[in-house]
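Colleague: I am new to this structure and would like a close look at one part of it, the place where the chains meet, followed by a careful walk through what lies behind it.

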Amino acid sequence: MSERKNITVHEPLFHLAKRAQIQPWKAWAIRLAAIVLGLVVCGIVAFILIERLHQNPDRIDDFYYSFIKGSFTSNRKIWKFLKNMAILQCISLAVTPAFRMRFWNIGAEGQTLMGVLGCIAVAFYLGGTVPDWLLLVLMFIAALVCGAVWGLIPALFKAKWNTNETLFTLMMNYVATFIVSYFLVIWVPSGSSTLGKLKYGKLPSFGHDYLVIILVVLLLTIFLYVYLKHSKQGYEISVVGESVRTAQYSGINVKNVIIRTMLVSGLLCGLAGYLIGAGLDQSVTTESVGGQGFTAIMVSWLANFNPLVMLITSALISMLNSGAAQISQDFNVSGALPDVIVGIILFFIIGSEFFINYQVIFRKADRTAAKEGVK
Amino acid sequence: MEKNMALSMRGITKRFGSVVANNHVDLDVYQGEILAILGENGCGKTTLMNMIAGIYFPDEGKIFKDGKEVVIRSPKDAFALKIGMIHQHFKLVDLFTAAENIVLGVDEDGRYSMKDVNNRVSAIAQKYGFHIDPQKKIYDMSVSEKQTVEIIKVLYRGADILILDEPTAVLTPQEIDKLFEVLQRMKADGKSIIIITHKLHEVLSVSDRVAILRKGEHIATVNTCDATESSLTEMMVGKKVSLDIDRSEPVNVQPRLEVKELNCIDAEGIQVLKDITFTAYSGEILGIAGIAGSGQKELLEAIAGLQPIASGQVIFNNPKKDKPVTFFHKSLRKVKELAAQDAFHDKNGAPMRFKGMTNAQIRAQVAAENVLFREDEVMNLRNKTPLEIRSLGVRLSFVPEDRLGMGLVGSMGITDNMMLRSYRKGHGGFVDRKKPRALAEEIIKELEVSTPGVNTPVRRLSGGNVQKVLVGREIAFAPKVLMAAYPVRGLDINSSYTIYHLLNKQKENGVAVIFVGEDLDVLLDLCDRILVINSGAVTGTLDARTATKEEIGLLMTQTTTQRKEG
């Protein structure tokens, strides 16, 4: 039988197989290759979309240079990049405990916004009437309480009635936005709904305006790493995340863990809100958080929920954002282009995970030849 | 025997990552024969068959059907070649009728007429001696009826090679006999039947030839008439294995766990346990037999505090034991009062009344754990959480059926899994990984767990090693009662015997062992008594030393009204 050679065989061109394990350097090589490939595609897209590039192809160098220029060319830009990264990192840390528990909290945006609102409300009403240090403390408490409440509401519903946390937290974002609009209408009678910078309640600065924020977030990163990795509560979070049945078997009160963990998430969001409100803006708008609550989900996910690795991913995403913004400024193109660029690169980064988990096996060359012989 | 080749495979290789599931396997199947594929779990039996059925595509090798080379890329290709597979996990739509499931996915010319289909299904059933109602919905069917639907589904598509993946795993002895009769009839009709199994006596009773696989390689194909249980095992495992379980006589038997009139109602309002009453004694293994889903899982979970109990009692008889008093629950004044009532004694059993001692001296004595009292003997575990049960000092170990979904955390290493039941120990908010790590290393050494390291996620370990980790942890807890649900399911012969040996050792140490099993031969060899349950009620208790498989099989399908005491 086996002597029959030239038979028509329709073997598929390639098939996929799950990898059992991959060496870390290989995984990183795949990720790096994906980013490079993403940048190349960005260049091609930009070449097609931007007229100036179209007419003068040599300027493609400028295109990539702008990317780096966005974050690193001046002292001011480096500080700004570090600040952006710190805030993003803080919110990413906030969503992480819940995510490790497989509680898909996509309400960090709203929780952080409520934190900003809480601390600004205190500054608005009490500014000037109490000593500065007391005002800052009260603002801090208000931010944490607001963030925690916003995180606790969906957690209580989940624990009590097993509601879907994803929808619930998403909707809570909109509620938060409208609450902010409501207060802006009350606080700014002129009708412009833009609250100017408040005079009171600014975080003291050492060295540089942003240094306090960066240090706080660094400490928080270490704290959360230890909390998740070495504390009993962190252990419980991992067990609940893996399997509720296992958690019950081991005697863990799953409801309590859900509530407690969302409390932690909410508190950290509140803290991020405080850093934004008291540390940077001294004001609140519906755009105070600016979508970072959603970006944080990706940062946390890409880092595999590891607070230390998150430092890398939040830096990467911040760099992408400021680089893309710089391009739109330098080339004088529409504000949608940065979104396109960020989208393309993220697509490649996330897509690369597929090739880390699976391998593609192509049909062997000799069989291909055999197939082409007969039809 | 006819010698017409129906299917042959040459040099079939399949890899999953670095794991070679099949390594250059050659296999021939003749027309009109029953070929058994025998091998331990994970030796690549199912993978090999999946490649014939179009589920997987081989990395290397060729398949020939009736002498012609073929390429099978999908189940559709397989059906076109008249190859059909009956999977271990049925692939049926619950809401459809038998006939609708059978016709699902069949691409026929002409008008779609359910009546025609029903008639054809009935005709096939009649031809081979099945009993089936084509209009019955799947959700109303028993496991064996569902299997019948799967088989007819394949026959309906005109298959002349049928592959059955562990068809007997879920059937009672009587149902197995019936299935084998049907298989013989199909064989007489000229069909080739491939049956995957790891039960030796079934291989010997039903097959014509046996192909043995070991670690992905084809070891040999022998005629069944020339084979014996021990020769097959030797080929399967690669070395001689003793198939005897040493069963010692129970010593110092005392009632340890008494379950009385236990009733449980699940979340859907269905009564899953009905008036269950039994006693587990120390120093014996109590087997629980029953068709899958008869309430075994619920019974163990109710005892472990994981399933709400509607009515009834779970009484735990703790042997008398000296326990040191602490100030954790009692104040100094209370301790002094109790001492005056002769509640305490020292390590030699002499009463302690703290006469002439200062408060500081009393405190020192208590702190040194010299002041002992006798613990309560009887405890009711009804509606206590697992945590409460443990804090009562009841050492109840539980090896659940779902190892990675309940007993262990798949993504964690062995060390972290060791802490699962004990991580609360110690003060402070941080976990202590030193002791769990030592325990993990001890279990790896003692039970010969093969793992790259203590921190390798247990999900990556083989079924046998996962089970060793779980059983090891539960035994390390020094239990008084050890409950194990299907502890050898999916394990190879060597690992299975390791587990039997461990359970026997626990029994000799005076533990009351409750063993839920599915292989009746093992239950009869290992246990002292066997409790048979059906639909959540006890249908009989048998002495394992005198009972027969048929007796158990009968009780497994009997209803409570025909209750019989053994």
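Modeller: The contact draws 36 residues from chain B and 29 residues from chain A, where two residues are in contact if their C-beta atoms, placed from the backbone, lie within 7 Å. This is a predicted model, in which local features need pLDDT of at least 70 and side-chain atom pairs count only at pLDDT 80 or more, while totals for chains, interfaces and linings use all residues. Residues are numbered from 1 along each chain as its sequence is written, and chains are lettered from A and ligands numbered from 1 in the order in which they are written.

On the side of chain B that touches chain A, at least two residues each come from β1 (5-16), β4 (60-65), α12 (386-391) and α13 (403-407) of chain B; helices (H or I, at least four residues) and strands (E, at least two) are DSSP runs numbered from the N terminus. The residues of that side of chain B divide into 18 nonpolar, 10 polar and 8 charged, with Ala, Val, Leu, Ile, Met, Phe, Trp, Tyr, Cys and Pro counted as nonpolar, Asp, Glu, Lys and Arg as charged, and the others, Gly among them, as polar.

Behind this side, chain B is divided into domain 1 (5-237), domain 2 (255-319 + 378-395 + 478-562), domain 3 (322-374) and domain 4 (412-477), with bounds from an automatic or database domain assignment. Between domain 1 and domain 3 of chain B, the C-alpha centres lie 70 Å apart.

Chain B also holds an open sheet of 6 strands, ordered β6-β7-β8-β3-β9-β10, whose pairing is mixed; two strands pair if DSSP finds at least two bridges between them. At its edges are β6 (83-86) and β10 (217-223) of chain B, each of which pairs on one side only. Neighbouring strands of the sheet are turned by 20° against each other on average, direction ignored, such angles being taken between lines fitted to C-alpha atoms, for helices over the stretch in contact, and running from 0 to 180 degrees between N-to-C directions.
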